[in-house]
Amino acid sequence: MSGTWTNDLLLSADRAAAAPAARQPVIFLAHGSPALIWPKSEPARKFALDTVGGPDGPHVKFLQAYGPHLLKQYKPKALVVFSAHWETDGPIQVTDNKQNPLYYDYYGFPEPLYNLDFRSEGSTALSNRIVELLNKSGIPAEKLPDKGRGLDHGVFVPFIHMLPNPVGIPIVEVSMHSNLDPKKLIDLGKAVAPLRDEGVLIISGGLTIHSFREPEAWDHRKAPQGFKDFENAVKAAINENKTPEERNAALIATAKHPYFRRAHPREEHFVPIFIAAGAGSHPDDTARVVCDLHGAITAEFGN
């Protein structure tokens, strides 16, 4: 089985929400790949991950349901996004665009994938607030100039399915430490956590399996059991720990799993989960997996 998600889960949550949440949750989002937005005008291409992450697969269907659910239930005023595709060696960088351009950080794809229509605005006030919170926490941070960087494909690919176009609320993207240290990324998440009480939904995008060395790892029908055991360990760390401290420690411990390095030859796609977990570390915060598709787990922290 490739994994499950359920409209019933989303709909029951919608019925329970009569007003905007006082505190926004934090999302670790499986952001997928450009296969999710493969143009219908182009010949079909065999994707290693097409059983889950192809243009007509279950990941697309999840995103198409999940985005409207988030907007309806939590009514965020803005989105702050971290992506596996933006690391910085020095200060954490924050976009400050009037209109967010798209940063096509991929190559070898059909021309339509370089001429996408996804429109959103930034917010100087929100960018300033992020820099303020990071600096206050001892994390050096700086704003980029207008159009200094666009939204990368770890942001616009899933958002094309999740959000209206134009989006209608600001989107600001933030980089992560290039050393990929879990504890530092947890602290990065904790530093921006006050935004949750200011109507800002924090989304941190990556993937629970990201390996081009073993293409079968993407395919639930062919993947060795060890990849599934690794993802089960990740889901257990999220679902089965009652306190943020226990949950964060359990997530860090998944790096010791025998299949961790096979699932992530380099861990940049896994570590965004630590930013989400850190931002969802209020003493009362719980966590749950909301989509357990193979290789594409999505989880909510602080829900």
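What covers the buried residues of α7?

Tutor: This is a predicted model, in which local features need pLDDT of at least 70, side-chain atom pairs count only at pLDDT 80 or more, and totals for chains, interfaces and linings use all residues. Residues are numbered from 1 along each chain as its sequence is written, and side-chain values use heavy atoms, with hydrogens and water left out.

The cover of the buried residues of α7 includes α8 (244-253), α9 (260-263), α10, β7 and β8 (296-301). Contact here means heavy atoms within 4.5 Å. Helices (H or I, at least four residues) and strands (E, at least two) are DSSP runs, numbered from the N terminus.

Now the helix itself. The 15 residues of α7 should span 21 Å at 1.5 Å a residue, and its end C-alpha atoms are 21 Å apart, which agrees. The expected span is 1.5 Å times one less than the number of residues. In α7, the buried residues are Gly226, Phe227, Phe230, Glu231, Val234, Lys235, Ala237 and Ile238. Buried means under 20% relative accessible area, exposed over 50%, partly exposed in between (1.4 Å probe, protein chains only).

Stay with Lys235. Lys235 forms a salt bridge with Asp292, and their closest N and O atoms are 3.6 Å apart. A salt bridge is a side-chain nitrogen of Lys or Arg within 4 Å of a carboxyl oxygen of Asp or Glu. This pair links distant parts of the chain: Lys235 sits in helix α7 (residues 225-239), Asp292 in strand β7 (residues 287-293), 57 residues apart. Both Lys235 and Asp292 are buried.

Step back to salt bridges in general. Side chains of opposite charge can pair when their charged atoms come close. The whole structure holds 17 salt bridges. One of them joins Arg23 to Asp197, with the closest N and O atoms 2.9 Å apart. It links distant parts of the chain: Arg23 is in the loop between α1 (7-16) and β1 (26-30), Asp197 in the loop between α6 (182-192) and β6 (200-206), 174 residues apart. Arg23 is partly exposed, at 31% relative accessible area. Asp197 is partly exposed too, at 45%. Elsewhere, Glu87, Arg266 and Glu268 are linked in a network of salt bridges.

Asp146 deserves a stop. Asp146 lies in the loop between β4 (141-143) and α5. With a relative accessible area of 36%, Asp146 is partly exposed. Asp146 forms a salt bridge with Lys147, the closest N and O atoms being 3.9 Å apart. Lys147 counts as exposed, at 54% relative accessibility. Leaving aside neighbours within four places in sequence, Asp146 is in contact with Asp96, Asn97 and Lys98. A polar atom of the Asp146 side chain lies 2.9 Å from the backbone nitrogen of Lys98. Gln99 is 47 residues from Asp146 in sequence, but 8.3 Å away in space, C-alpha to C-alpha.

Next, the nonpolar interior. A nonpolar core is a set of buried Ala, Val, Leu, Ile, Met, Phe, Trp, Tyr and Cys residues joined through side-chain atoms within 4.5 Å. The largest one has 51 residues, and Ile130 and Phe301 have the most contacts inside it. Helix α10 (residues 272-279) gives the most to this core, with six residues. Ile130 touches Val80, Val94, Val172, Val174, Val192 and Leu195, not counting residues up to four places away in sequence. A second, separate core has 37 residues, including Tyr66, Leu70, Phe159 and Val167.

Last, the aromatic rings. The structure holds 14 aromatic pairs. Rings of Phe, Tyr and Trp (its six-membered ring) pair if their centres lie within 6.5 Å; planes under 30 degrees apart count as stacked, over 60 as edge-to-face and the rest as tilted. Tyr104 and Phe156 have ring centres 5.7 Å apart and planes at 70°, so this pair is edge-to-face. It links distant parts of the chain: Tyr104 is in the loop between β3 (92-94) and α4 (124-136), Phe156 in helix α5 (residues 153-162), 52 residues apart. Tyr104 is partly exposed, at 24% relative accessible area. Phe156 is buried, at 0%. Phe156 also pairs edge-to-face with Tyr106, at 6.2 Å centre to centre and 70° between the planes. Tyr106 is buried, with a relative accessible area of 8%. Trp38, Tyr104, Tyr106, Phe109, Tyr114 and Phe156 form one aromatic cluster.

Definitions and conventions
A polar contact is a pair of N or O atoms within 3.5 Å; within protein, one must be able to donate a hydrogen and the other to accept it, and residues adjacent in sequence count only if both atoms are side-chain atoms.
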